[in-house]
Amino acid sequence: MADVSKLRGVACKTIDDTSAELNNISQEIWKHPQQNFEEVFAHNLLTTFLKERGFEVTPKVAGLETAFRAEYNGDMKSPRVGIICEYDALPEIDHACGHNLIAEAGIAAALGIKAAIEASNNTLGSLVVFGTPAEEGGGGKIFMIDEGCFDDVDFCMMVHPTAFDSATPLVLACQHMRIRYHGHAAHAAAFPWEGVNALDAGVACYTSLSMLRQQMKPTWRVHGVFKDGGVKPNIIPDTSVLKYYFRAPDNEELVDLMAKAKGCWEGAASATGCTVEVECHGYGKNNVNYAAMKHNQVLAKLYQKYAESLGVKFLPEGEAENALLGSTDMGNVSLVKPSIHPAFTINSPAVIHTHEFKDAASKPEAQAKVLIAGKSMAMTSIDVLADTQLLKSVVEEFEQKS
């Protein structure tokens with residue numbers, strides 16, 4: 001096998017040499033935003049690109065029209081790294097979460113790792129690129145886990161753009177819920193005493209949950225919107241619907257949070273005379289929620305070392321672990337394989353899920369940061385693929401935390 005430092009150099013040079021093509025990928029995905037399980041443009045763009053560059057591509061995997069698998073095998077199929085791409089957009093604000101950049105960084109890392117495998121005379125190991133749809137509330141990776149998509153890889157990684165640099169950002173467990181109140185309609189002016197106001201119940205629930213925030217732990221999050229609150233002012237609403245996300249650092253704390261919140265929606269029903277129907281919405285065969293991310297520290301420290309060598313300034317230790325990124329189905333992947341999900345900045349003060357971040361995700365200023373993230377993933381992967389003992393340390397840490 002070639003010298004590992006030289007293999008890292010090959011990977012980085014390959015990424016630099018293809019930087020224009022990589023930028024075109026993110027620009028095209030940004031221009032063609034598509035939401036959960038509808039990301040046909042990105043799926044076709046990425047699978048075509050990877051096939052043209054020597055990957056064995058399987059489109060539409062796990063029964064999902066916009067998921068894919070692209071692998072490159074040297075003479076040794078093991079060890080094997082999984083590089084994860086996302087590319088779905090948000091309603092109305094499109095790529096305000098920067099998933100076009102996640103796809104670019106993943107493809108960059110994949111091209112770098114493939115070049116290193118070739119430079120090793122195909123003895124370094126192998127690589128799988130996963131195209132994972134519907135991260136924004138669709139749980140695409142969970143469906144892929146159920147179908148065994150990640151079974152044959154040894155470790156996984158992806159990156160996410162945001163407003164800070166951290167190799168181990170805080171990624172919370174998240175439960176999606178729909179709270180529906182049933183009352184009784186009546187004419188609001190002529191016979192209001194005949195009505196049971198479901199909108200009042202929804203408002204009482206909303207305000208009760210808002211007041212509960214005063215007694216929540218700093219890392220708990222609760223946020224919701226009204227999806228239905230009636231049809232006309234002169235008809236007492238007989239139905240109201242709220243959609244909520246409940247988040248906590250792990251499933252145990254999430255259970256505690258949900259127990260506190262239960263009193264809010266039940267109390268609102270009791271106070272207004274309505275009945276309440278609560279639906280916990282999950283994904284996959286077992287209807288599971290998004291899990292908290294379990295970062296593999298061995299992989300994270302390697303990633304940070306290489307990103308710092310390329311000029312990245314990470315948050316200080318202690319602050320980095322508490323920098324909140326949100327929730328993602330990558331957390332579920334981290335339960336089945338050693339994984340990391342670093343966060344990286346894109347030369348913008350904007351925060352994710354805003355119009356400003358959407359604009360920043362298409363700017364030339366973002367590109368240098370995306371390429372650094374791709375190089376850091378590639379170099380981390382090369383080190384682990386090349387070192388049996390290092391891979392053993394990765395796996396041992398994962399097994400101890402499982």
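Predicted model: local features only at pLDDT ≥ 70, side-chain atom pairs only at ≥ 80, totals over all residues.
Which residue stands opposite F68 in β4? Select F68 and G131: F68 stands opposite G131 of that strand.

Residues are numbered from 1 along each chain as its sequence is written, and side-chain values use heavy atoms, with hydrogens and water left out.

**Stop 1: helix α1**

Select residues 4-17, which form helix α1. Helices (H or I, at least four residues) and strands (E, at least two) are DSSP runs, numbered from the N terminus. The expected span of a helix is 1.5 Å times one less than its number of residues. For the 14 residues of α1 this gives 20 Å, and the end C-alpha atoms are 20 Å apart, which agrees.

Now colour L7, R8, A11, C12 and I15, the buried residues of α1. They cover an arc of only 135° around the axis, which puts them on the same side of α1; the arc is that of the directions from the helix axis to the C-beta atoms. Buried means under 20% relative accessible area, exposed over 50%, and partly exposed in between (1.4 Å probe, protein chains only). An α-helix has 3.6 residues a turn, so residues three or four places apart point the same way.

Turn to the face of α1 that looks away from its buried side: the exposed residues K6, K13 and D17 are there. Then show what covers the buried residues of α1, including α2 (19-31), α4 (99-119), α8 (297-309) and α11 (367-386). Contact here means heavy atoms within 4.5 Å.

**Stop 2: the six-stranded sheet**

Next, display the open sheet of six strands with the order β1-β2-β4-β3-β5-β13 and mixed pairing. Its edge strands are β1 and β13 (339-340), each of which pairs on one side only. Two strands pair if DSSP finds at least two bridges between them. Strands of a sheet pair through backbone hydrogen bonds, either parallel or antiparallel.

Select β2 (residues 68-73), where five of the six residues are buried. On one pairing, β1 (residues 56-59) and β2 are antiparallel over four bridges, and T58 has R69 as its bridge partner in β2. On another, six bridges join β2 to β4 (residues 126-131), again antiparallel; the opening pair, F68 and G131, belongs here.

Move to β5 (residues 155-157), which runs parallel to β13 and is joined to it by two bridges. M157 stands opposite I340 in β13.

**Stop 3: two residues of α3**

Select H43 in helix α3 (residues 40-52). Is H43 buried or exposed? With a relative accessible area of 3%, H43 is buried. Leaving aside residues up to four places away in sequence, H43 touches P59, K60, E65, T66, A67 and F68.

L50 also has its place in α3, and at 0% relative accessibility it counts as buried. Beyond four places in sequence, L50 touches F55, V57, F68, A70, I107 and V129.

**Stop 4: the α4-β4 loop**

Select N122, in the loop between α4 and β4. At 22% relative accessibility, N122 counts as partly exposed. N122 touches Y72, G74, D75, M76 and I117, not counting residues up to four places away in sequence. N122 and Y72 are 50 residues apart in sequence and 10.0 Å apart in space, C-alpha to C-alpha.

**Stop 5: strand β8 and its partners**

Select β8 (residues 173-182), where seven of 10 residues are buried. 10 bridges join β8 to β10 (residues 239-248), and seven join β8 to β11 (residues 275-281). The β8-β10 pair runs antiparallel, and so does the β8-β11 pair. Centre on R178: its bridge partner in β10 is K243, and in β11 it is E279.

**Stop 6: the largest pocket**

Finally, show L90, E136, Y245, R247 and H353, which lie nearest the centre of the largest pocket among its 27 lining residues. A pocket is found on a 1 Å grid over the protein atoms alone, as an open set of points where a 1.4 Å probe fits, with protein on both sides within 12 Å along at least five of seven lines; lining residues have an atom within 4 Å of a point. The volume is about 710 Å³, taken as the space filled by probe spheres set on the points, which are joined across faces, edges and corners. β8, β10 and β12 (324-326) each supply at least two residues of the lining, and β12 gives the most, with three.
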